[in-house]
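Please read the briefing below alongside the sequence and the model.

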Amino acid sequence: MRLPVTPVSRLRAMAIRGLARMYRPENGLFAFRVRRRGEELLLEGSSHRYTAIALIGLAGEDEAVQASVLAGIRVREACARLVSEVAALESLGDVALVLWAACAVGYPDRRSVVERLLALQPDEAAHPTVEVAWTLAALCADLDAPVGPLRNRLARRLIAAFEPRSGMFPHGMGGRPGGFRGHVCCFADLVYPVHALARYAELFGDAEARDVALHCAREFCARQGPDGQWWWHYDRRTGDVVERYPVYAVHQDAMAPMALFALERAAAIDLRSPIARGLGWLAHAPELGGGSLIDEGADLIWRKVARREPRKLSRYAQAAASRLHPSLRTPGLDILFPPCVVDYEDRPYHLGWLLHAWPAGRAARWDERAIPQ
């Protein structure tokens, strides 16, 4: 019997309430995370990066929702704090996300953010692939900035880094691959470039960008788990899965849908099936005996299902084995270190991407088609 999937509209409502819980009005930022300790739920730290992503998600909500999350202020006011502090940000990804957020909320003066972005040399310096992809996505959101040549160079940089034999992107660009894990890329290294190149292709009619995004998406969709899992680590030389766990909630309900919906628009194809399968795992994970990371009692979506293991042992063991030969894997990990551990935390970037991937209209249409009545 087909199990019903949690309606996306319900996940959206949980995301809005969760973001309200994670906002820190005293410093105008979102917390780094909310974590369960015993019976308590604790806010920890704060993050410019996660604040930017939360604002990108909230930008699509009405003003009443924005005010309910941001303690009465609007997203443009919240974004002003990020823009004012951008000169102190050292990460290309952080600056790119601030620019993206400023565009999304309609913040008028973005010159300082663009200048800081240019100073970090996104088209030349060594950067994580994810951050280069965020930069391209941000520049696709800011069509008013005089950065057309840079936008094109970033698209070409992502395309040049793509390995067509495997359909994978590397973990980083520039510099040397790091040690025995240099051949490993993660799911984020795939979905963010797919999203950014699809957006670029949609806006500028770039067939090469579209085809690269489509090639990569087909490869990771072909490797989706039997119950809809988006696996974590891949061999960029072959495209094979290196280590499956953890499986993250944000991949299932936010990041994969965000990328695949963008690709649907750019390539005029239907990718609803892998999106639906990913949501199905989130609602009923066999690793949890059919349980779920969606915790209605706590009103949160927990972060991931991981192995019961010491200090990420499995991913290092699998990386070392596959480095020796692409076909080698460390045997017996599912028995020694079963994937049954829930990470009881949630982070605002998860909820921000969820809202961005699923604006209210899209969620309503999806639920109407997908959920048995």
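Predicted model: local features only at pLDDT ≥ 70, side-chain atom pairs only at ≥ 80, totals over all residues.

Residues are numbered from 1 along each chain as its sequence is written, and side-chain values use heavy atoms, with hydrogens and water left out. Helices (H or I, at least four residues) and strands (E, at least two) are DSSP runs, numbered from the N terminus.

**The sheet and its helix**

- Three strands form an open sheet in the order β4-β3-β15, with antiparallel pairing, where two strands count as paired if DSSP finds at least two bridges between them.
- Because β4 (40-44) and β15 (345-346) each have a single partner strand, they stand at the edges, and one side of each is left without a neighbour in the sheet.
- Helix α1 (residues 8-22) packs on this sheet and touches β3, β4 and β15, contact being taken as heavy atoms within 4.5 Å.
- The direction of helix α1 makes about 65° with that of β4; axes are lines fitted to C-alpha atoms, for helices over the stretch in contact, and angles run from 0 to 180 degrees between N-to-C directions.
- Strand β3 (residues 33-37) is joined to β4 by 5 bridges in the antiparallel sense; across this pairing, Arg-36 stands opposite Leu-41, and Arg-37 stands opposite Glu-40.
- The hairpin of β3 and β4 has 2 residues between the strands, and Gly-38 takes a positive phi near 65° there.

**Backbone features in loops**

- The peptide bond from Tyr-245 to Pro-246 is cis, with omega near 5°, and Pro-246 is placed in the loop between β9 (241-243) and β10 (247-248).
- Ala-268, although not a glycine, has a positive phi of about 55°; this residue lies in the loop between α11 (249-267) and α12 (272-283).
- With 70% relative accessibility, Ala-268 counts as exposed, on a scale where buried means under 20% relative accessible area, exposed over 50%, and partly exposed in between (1.4 Å probe, protein chains only).
- Asp-299 is likewise not a glycine and has a positive phi of about 60°; it is found in the loop between β11 (294-295) and β12 (300-301), and is buried at a relative accessible area of 17%.

**Salt bridges**

- The count of salt bridges comes to 33, under a rule that asks for a side-chain nitrogen of Lys or Arg within 4 Å of a carboxyl oxygen of Asp or Glu.
- The side chains of Asp-109 and Arg-111 meet in a salt bridge at 3.0 Å, N to O; Asp-109 is partly exposed, at 34% relative accessibility, while Arg-111 is exposed, at 59%.
- Arg-110 forms a salt bridge with Asp-144, with the closest N and O atoms 3.9 Å apart.
- Because Arg-110 lies in the loop between α5 (92-105) and α6 (111-119) and Asp-144 in the loop between α7 and α8, the pair ties together parts that are 34 residues apart in sequence.
- Within this pair, Arg-110 is buried at a relative accessible area of 15%, whereas Asp-144 is exposed at 69%.
- Lys-304 forms a salt bridge with Asp-343, and their closest N and O atoms are 2.6 Å apart.
- Since Lys-304 lies in strand β13 (residues 304-307) and Asp-343 in strand β14 (residues 339-343), this pair ties together parts that are 39 residues apart in sequence; both Lys-304 and Asp-343 are buried.
- Through shared partners, salt bridges join Arg-33, Arg-35, Glu-44, Arg-303, Lys-304, Asp-343, Glu-345 and Arg-347 into one network.

**A nonpolar surface patch**

- Leu-143, Leu-203 and Phe-204 form a nonpolar patch on the surface, with about 260 Å² of accessible area together, areas coming from the Shrake-Rupley method with a 1.4 Å probe, where for residues only the protein chains shown count as cover.
- Patches are made of residues with over 30% relative accessible area and no salt bridge, like charges being joined within 9 Å and nonpolar side chains (Val, Leu, Ile, Met, Phe, Trp, Tyr) within 5 Å.
- Leu-143 is found in the loop between α7 (129-141) and α8 (148-161), and is partly exposed, with a relative accessible area of 48%.
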